[in-house]
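Please open the structure in your viewer and keep the selection tool at hand. The stops below come in walking order.

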Amino acid sequence: MDSFEVIPTGGALGAEVRGLDLRSKLDGETVRVLRGTFLDHCVLFFRNQEISQEDLVRFTRYFGRPVPHVRPQPDRPIEEIFVISNVTEDGKPIGALGSEEIPFHSDLSYLPEPGTISLLYALEIPDEGGETMWANGYASYEALHPDMKARIDGLNAVHRHPIDTLNTPEPTMHPVVRIHPETGRKLIYVSPHLTHHIADMEREGGQALLDELITHATDTRFVWKHRWQVGDLIMWDNRCTMHRRTPFDDRQRRVMWRTQVFGEGTS
Ligand code: OGA
Ligand code: MN
């Protein structure tokens, strides 16, 4: 097995993995241990990687099936690579998500089968801003008062993307308290960006409850922030975390490659 070191961030979640060069294939045992490490920390990052799109897709496959572009993007030879960028060329954006703040969300939670794992590889980063932070849904659930746990048990929420054309015709619902399919642990699964309302609750009470849960789940004690360096590859588990990006100056360039795994476990 290839040896690697795992250095927890010391924050609410996440660990750095040192000692692996992701240009090379990893052996089966290394992948098995890495999957377990990923489930333990929810977010893993690898620094100073100089990888190609093929390398990123190969690495993604160790954790599930990477899907082609999740939204319309220019045709590219490697269709599993989705570009996240504010850069425009010939007046056309080369990628998605611009330079604005992106509020906390779990990827693709507006779909019936949301994203499970996302990976982001940094090619160009701005001097300031454009940082990404993750919130630990297990930790925020575990910190809830037992009365609140009882209150939200069995509730569902409707998730919806603000760009309506991305939504499915039928409203997408997910449990407010979700059970991670691999770890069996409970977590809070609502977000300010993509959770629209709590199902079957009288409007005002539902909104107050949703606001309270979101405020709790995004409290700084459950959040860890990553300051990007070029060559960072980060992978995160959308089933137990949400993430947010801070805005940055649109005159600066930020270019990332992203891959996305849907619907399948890591094992
Ligand atoms: C994403 C996303 C945040 C970022 O790719 O799903 O939310 O920091 N990106 O670019
Ligand atoms: Mn996202």
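Is Asp55 buried or exposed? Select Asp55 in this predicted model: Asp55 is buried, because its relative accessible area is 10% (buried is under 20%, exposed over 50%, partly exposed in between, with a 1.4 Å probe and protein chains only).

Before moving on, two notes on conventions. Residues are numbered from 1 along each chain as its sequence is written, while chains are lettered from A and ligands numbered from 1 in the order in which they are written. In this predicted model local features need pLDDT of at least 70, side-chain atom pairs count only at pLDDT 80 or more, and totals for chains, interfaces and linings use all residues; side-chain values use heavy atoms, leaving out hydrogens and water.

**Around Asp55**

Leaving aside residues up to four places away in sequence, Asp55 touches Leu22 and Arg23 (contact means heavy atoms within 4.5 Å).

**The nonpolar cores**

Next select Leu34, Phe46, Phe59 and Met235, the residues with the most contacts inside the largest nonpolar core, which has 30 residues (such a core is a set of buried Ala, Val, Leu, Ile, Met, Phe, Trp, Tyr and Cys residues joined through side-chain atoms within 4.5 Å). Among the elements supplying at least two residues each are helix H1 (28-41), helix H2 (53-61) and strand E9 (115-124). Phe46 has Leu22, Leu34, Phe59 and Met235 among the residues that it touches. A second, separate core of 21 residues includes Tyr141, Met148, Leu155 and Ile214.

**The manganese ion**

Now select ligand 2, the manganese ion, with its protein donors His105 (NE2), Asp107 (OD) and His243 (NE2), which lie 2.1 Å from it (donors are N, O and S atoms within 2.8 Å of the metal, or 3.2 Å for Na, K and Ca; water is not among the atoms, so sites may look incomplete). The spacing of these donor residues in sequence is H-x1-D-x135-H. His105 counts as buried because its relative accessibility is 9%, and Asp107 is buried at 5%.

**Ligand 1**

Last, select ligand 1. Its surroundings include His105, Asp107, Thr132, His243 and Arg258 (a residue is near a molecule if one of its heavy atoms lies within 4 Å of it). An oxygen atom of ligand 1 lies 2.6 Å from a polar side-chain atom of Thr132, and an oxygen atom of ligand 1 lies 2.7 Å from a polar side-chain atom of Arg258.

Conventions
Helix = DSSP H or I, 4+ residues; strand = E, 2+ residues; numbered from the N terminus. Polar contact = N/O pair within 3.5 Å; in protein donor to acceptor, adjacent residues only side chain to side chain.
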